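Good morning, and thank you for the time.

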Amino acid sequence: MSTRSRLLLCVAVLAALHLGVACAGFFAPYDPAAQDREHPYAPPMRLHFVDGQGGLHLRPFFYAQALRSGSFDAYEENRTRAIPVKFFISGAPYRVLGVLPLRMHLFGGDVPVYLLGSDGYGRDLLSRVLFGGQVSLLAGLIGAGLTLSIGLCIGAAAGFWGGWKDEALMRVAELFLALPWIYLLFAMRAFLPLAVPPLKAFLLVIMVIGAVGWARPARMVRGIVLSAKERDFVRAARGFGASGGYLLRQHILPETASVVLTQAAILVPQFVLAEMTLSFLGLGVPEPVPSWGNMLASLQHYNVLVSYWWMYLPALAMVPFFLGYLVLASLLQGSRGTSKIGEVFGGV
Amino acid sequence: MNERRASLWQIGTVFAVTLGCVLCIHSAVSFPSQASAKEELLRVAGESGRRGGRIVIALRSEPKTLNPLIAADGTSREVISAMQADLVHINRATQLTEPALAKSWKISADGLRYTLTLRQGLKFSDGHPLDMEDVLFTFRVYLDEAVHATQRDLLIIDGKPITVRKVDAQTVVFQLAKPYGVGERMFDGWAILPRHLLETAYKEGKLAQSGALGTAANQWAGLGAFRLKEYVAGQRLVLERNPYYWKTDEQGSRLPYLDEIVFLIVPSADAQVLRFQSGETDMISRLGAENFSVLSRQARDYTMTDAGPGLEYNFLFFNLNELGEKAPAEIARKQSWFRAEKFRQAVSQAIDREAIVRLVYQGRGAALWGPVTPGNPRWANAAIAHAGRSLDKSRQLLAEAGFRLISAENGESRLVDADGKPVEFSIITSASNADRAKMAALIQDDLKQLGMRVQVVPLELRSLIDRVTQTKEYDACVLGITSYDADPNPELNVWLSNGDMHLWNPSQKHPATDWEAEIDRLMEQQLTATNTAQRKKLYDRVQEILSEHQPMIFLASPDILVGAKRSIGNFHPAVLEPYVLWNVEQLYQRNGAENARR
């Protein structure tokens, strides 16, 4: 497989994963904050095709779960009645990509169906993983975007102008590299009012992630700009009277594209992880809005850790995403130098 | 030559003194092993145990002090209860009084004079004899305003302090200004202090500083079953057997059985569970229901016990403080909702208490509609309505109070006040208490169905207490209180409007509302009513007022969940604090069971 087709495959897989999360409302059977107080810590339900009599069903079905009498977290299946999975049913309202209001869900049942189990409040884990992915991935993507834009501007400015401006900018970058960002966030959180609404908390997380991470890409971009501005074709353009802005736009910044893209592929998972860390520590988006980090926070309790294995699943959810991004990064890095990014993505 | 003689003389003196000391120590150690004729020891019923061994138990936080005068936190009280003794004691299992340092007592017919007779021949844990001067000193100190003893208020009746008078070497009379409702129960918890160790500090005004945790073992003494042995900051506190203790078992051998108690400081509840599970600690108490079921499932060489409903009550309350003009407009607006009784009633009506019991306590608890838990049936007002959850009633109450529902642009319905401002507020809760955080999350969801937007803010306990009692910057709070006696009297500072634990509006100069004034009156009355039925009637009325005006919205009360290794004898957990150590003198290690590792 050529590098290009591998890249295309990788991008396609990532795009599919992101689409799944973006359309969380459709794939998730329930509202992520809806509590089902009759089913706390329900284990993942099994989908069946063969019933007790050995009959084969084309439509998958499941058995309803109910708490064993006297217990508060042990369930038993009621095998007397098979409940078929229904597709494209109407349920809790949601908005696709935050705009289009819909009620249609991919699947559901006549009784609550928990494919990945439920948490301590009886909230469906599958729905929470999907909606939580929206928060975590969006934080990663916007954070990476912000970081790279800041990094690109500062790196280009420092490399292009050189001199004391370069010195000053790079010393500031080093200062930011040395900042213990988690403590910075603690400090910033202390200045905010007591209760931060979810949206504000989300923006704060992104802001902190973005503001702290720009130093490394800025240094890389500066290095490329430094070497690019001395190349013959740049000197020639300068000789023909090209302005600084024109040179940057037309000749120098395109040289940085492959580095920036590779950095993006590395930074997105890194920032998703940063968001998860913050939410895990209770500094990210507040409950009941899910994020992968605050879903994992319940594992801080010993009893959850040893009793309900499905509470680990949000940690598994990030694996395909991270794998995708890191493979993408290494493919991009491999193709760097041999071809320009424009050529790699020429057909996309 | 002279010098040499002098030094020889010195050596001789040193030798003599050392020998004397050794003899002293020897006699001190050998003497109490058999009860002298003059000692009036208390024989306690119960299974006879085996001498020796030790138990290890974890404490959630480091005790603040060993000084019973100023101890306010639970862990300090727990440790102190093993080291100190009182004149009359409330048996934590029967909840009735029994003789302790006083072998008997008489109450005069008018209920104003209590005559107590002290046991003879008792000694403090350092071997110093106890006499009447110690008792007089103790009460002088507790009553001294300059000392700021935490329980001083309980000795002030009708504005006048109790007077204490010595009759003879064994008899003391307590004179009251008015009859005291609790009777001889009032003597429980007043540790008799060693005058010989504390008088100098008292005269210098430094009593509050004594009994700090670093105190040398020979500088601290009490009349309890154990005495201080060793303290390693942040790690452990070790107590050893008090050889002069004044109780014996049925066979007449002197208690306590154990040689040592080791308190390990283990700050997190989960870490305590792990230590217990791995056998590092012998007993565990204050367990959450979820950890209790984990331990029960895996029980091997320990038994887990649900001792039934305790006295802890959890509640939600709103900021009803009068903040004056400096209050920001936003808080003033929120307070106008909170002050509306119908608003509070609507919130109470909307809370699914049964779900709290099921989801937070896994059924090991009880829903609450008042401060008196099912663990305290004697004082509960059975007439208080246990209103089930009803969102319709809530909505009706809110409509009557001028709130209305509008539908927001995203299709959700939202509650707005008369000025059209959306009802949004935050609930603060202690981050270290997973149970209360979960309650708050359930309430958040319950209130969402009324159209209220609630945010839950977990805070570190100290900053939460600071916000509630000092800065008063909060909207609402979920908290819990554990009474240390079934009687309502220890709760005085919660219900009296000038009390510092009157959480929704503490330390008022004048009662802010008529009903708070009525509670003040009723609580004062029950303090001096002599007959229990009458006191019960007065306290019933207090509960009625609380239920009507809902300054606290009572949520649920957990069971007392404890566990102990099977090798621990006489393990009988009680629902009063200290749950597992109340009979610490009778606990023993069966058949030389291997001691828990340190």
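Let me begin with a definition: helices (H or I, at least four residues) and strands (E, at least two) are DSSP runs, numbered from the N terminus. What you see is a predicted model, in which local features need pLDDT of at least 70 and side-chain atom pairs count only at pLDDT 80 or more, while totals for chains, interfaces and linings use all residues. Residues are numbered from 1 along each chain as its sequence is written, and chains are lettered from A and ligands numbered from 1 in the order in which they are written.

With that in place, please look at chain B, in the loop between α15 (532-549) and β24, where B:Q550 is located. Its phi is near 50°, a positive value in a residue other than glycine. Is B:Q550 buried or exposed? A residue is buried if 20 or more other C-beta atoms, placed from the backbone, lie within 10 Å of its own, exposed if 12 or fewer, and partly exposed in between. B:Q550 counts as buried because it has 24 C-beta neighbours inside 10 Å.

B:S507 also has a phi near 50°, again positive in a residue other than glycine. This residue belongs to the loop between α13 (492-495) and α14 (514-528) of chain B. B:S507 has 14 C-beta neighbours inside 10 Å and therefore counts as partly exposed.

Two cis peptide bonds deserve mention. In chain B, the bond from B:E577 to B:P578 is cis, with omega near -10°, and B:P578 sits in the loop between β25 (568-569) and β26 (588-589). In chain A, the bond from A:E287 to A:P288 is cis, with omega near 5°; A:P288 is in the loop between α9 (244-280) and α10 (292-296).

I turn now to the interior. A nonpolar core is a set of buried Ala, Val, Leu, Ile, Met, Phe, Trp, Tyr and Cys residues joined through C-beta atoms within 7 Å. The largest such core has 164 residues, and those touching the most other members are B:I261, B:F317, B:I356, B:I427, B:C477 and B:L555. Strand β24 (residues 552-565) of chain B supplies the largest share of this core, nine residues. Apart from this core lies another, of 74 residues, which includes A:Y114 and A:M318.

Chain A also holds an open sheet of three strands, in the order β1-β2-β3, with antiparallel pairing; strands pair if DSSP finds at least two bridges between them. β1 (48-50) and β3 (75-84) of chain A are at the edges, each with a single partner strand, so one side of each has no neighbour in the sheet. Two bridges join β1(A) to the antiparallel strand β2 (residues 56-67) of chain A, and A:H48 stands opposite A:F61 in β2(A).

Just after α8(A), A:G241 takes a positive phi of about 95°.

Finally, how many residues does each chain bring to the contact? Chain B gives 22 residues and chain A gives 18, where two residues are in contact if their C-beta atoms, placed from the backbone, lie within 7 Å. On the side of chain B that touches chain A, α11(B) gives the most, with five residues.
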